[in-house]
Amino acid sequence: MNANVSIQVLPQYCKTKEEVIRIVDEVIDYIKSTGLKYYVGPSETAIEGEYEEIMEVVKECQYIAVNAGCPGVLSYVKIGFEPEGGVLTIDEKVTKHHK
């Protein structure tokens, strides 16, 4: 594993909170379907794996939101990348806080 990403997808121009939640849930369902390790937090979702694969997921998240009925989307992405591997894993970052 040489990369991890945190992504926050913010649907724009939705009329209700329920619509925002539905669209975000579709994005999260897509992330779950990729088979990559992920962690859903209250404001963003962390994903870990190989850089190229994760970047494709990040790209696709935009299309998922728009295809779910969102006319626009803002996404905030944090990328950790070490080409030779060795980035901190999700477990290394959060496990001690969830005991």
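Which residues form a nonpolar patch on the surface? In this predicted model, the patch consists of Val-77, Ile-79 and Phe-81, which together have about 250 Å² of accessible area. Phe-81 belongs to strand β4, which covers residues 72-81. With a relative accessibility of 40%, Phe-81 counts as partly exposed, because that class lies between the limits of 20% for buried and 50% for exposed residues.

The protein contains three helices and four strands, arranged along the sequence in the pattern β-α-β-β-α-β-α. The radius of gyration is 14 Å, close to the 13 Å given by the globule rule for 99 residues, so the protein is as compact as a globular protein of that length. Along the principal axes, the C-alpha atoms fill a box of roughly 45 × 30 × 20 Å. Of the contacts with a separation of 6 or more, 76% are accounted for by residues 24 or more positions apart.

Buried residues make up 32% of the 99 residues. The protein exposes about 6,300 Å², and carbon and sulfur atoms supply 53% of this area.

Most residues other than glycine have a negative phi. Tyr-13, although not a glycine, has a positive phi of about 70°. The relative accessible area of Tyr-13 is 66%, and the residue is therefore classed as exposed, the cut-off for that class being over 50%.

How values were computed
Residues are numbered from 1 along each chain as its sequence is written. This is a predicted model: local features need pLDDT of at least 70, side-chain atom pairs count only at pLDDT 80 or more; totals for chains, interfaces and linings use all residues. Side-chain values use heavy atoms; hydrogens and water are left out. Patches are made of residues with over 30% relative accessible area and no salt bridge: like charges are joined within 9 Å, nonpolar side chains (Val, Leu, Ile, Met, Phe, Trp, Tyr) within 5 Å. Accessible areas come from the Shrake-Rupley method with a 1.4 Å probe; for residues, only the protein chains shown count as cover. A salt bridge is a side-chain nitrogen of Lys or Arg within 4 Å of a carboxyl oxygen of Asp or Glu. Helices (H or I, at least four residues) and strands (E, at least two) are DSSP runs, numbered from the N terminus. Buried means under 20% relative accessible area, exposed over 50%, partly exposed in between (1.4 Å probe, protein chains only). The radius of gyration is taken over C-alpha atoms; the globule rule is 2.2 Å times the number of residues to the power 0.38. Contact means heavy atoms within 4.5 Å.
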